[in-house]
Amino acid sequence: MRRFLDSLYHFSSLVAGLLVVFIFVIILAQILGRQLGLAIPSANELSGFAMAGAVFFALAPTLRAGAHIRVGVLIRRLQGRVRRGLELLVGGFSLLASGYAAVQLWRLVLDSYRYGDLAPGLLPLPIWIPQSLLAVGLTIFTIALADTLGALFRGELPGYLAEGGGQE
């Protein structure tokens, strides 16, 4: 199971990186197109969709690396059971919030697909496609939160500490 989860987080970071490269290519094409008198239709819209996808796909690997903003000032002052209890409480709340948001986002994707909603730009892109990027990214993040909470319940170091992600 650990190997699968590590592969999932690696996949998520790879997709986030590819989406950032896609943004670079679109912006570069837009710059070059302007020099040549060509317009790239929906370039800003596609870049925005890719940026949102990159952010959501980067959530899980960022958590794993310990790079999410945490209340380090408070956490550093706590030790032992109090710290573990606070991390369990915050982890549980985060998991519930993320799980709820993921379910609602998947419902939105399904509704957009059913109704045939299109993006509002020049490109008639079915909106469920970019919404799916967000839903998949948030689902992987929810899995990462469950993984972290499971490690805390087992008394292990969570991934954000085990991976060397700071001792906040």
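## Helix α1

Gly37 follows α1 and has a positive phi, near 80 degrees. Helices here are DSSP runs (H or I, at least four residues), numbered from the N terminus. This is a predicted model: local features need pLDDT of at least 70, side-chain atom pairs pLDDT 80 or more, while totals for chains, interfaces and linings use all residues. Residues are numbered from 1 along each chain as its sequence is written, and side-chain values use heavy atoms, without hydrogens and water.

Helix α1 (residues 2–36) has 35 residues. Its first and last C-alpha lie 51 Å apart, close to the 51 Å expected at 1.5 Å a residue (1.5 Å times one less than the number of residues). Its buried residues include Leu5, Leu8, Tyr9, Val15 and Ile23. Buried means under 20% relative accessible area, exposed over 50%, partly exposed in between (1.4 Å probe, protein chains only). Among the elements covering the buried residues of α1 are α2 (43–64) and α5 (128–153), with contact meaning heavy atoms within 4.5 Å.

## Salt bridges

The model has six salt bridges (a side-chain nitrogen of Lys or Arg within 4 Å of a carboxyl oxygen of Asp or Glu). Arg2 pairs with Asp147, with the closest N and O atoms 2.6 Å apart. This pair links distant parts of the chain, helix α1 and helix α5, 145 residues apart. Arg2 is partly exposed at 35%; Asp147 is buried at 12%. Arg2, Asp6, Arg64 and Asp147 form a network of salt bridges.

Arg114 pairs with Asp111 at 3.8 Å between the closest N and O atoms. Both lie in helix α4, three residues apart, about one turn of the helix.

Conventions:
Helices (H or I, at least four residues) and strands (E, at least two) are DSSP runs, numbered from the N terminus.
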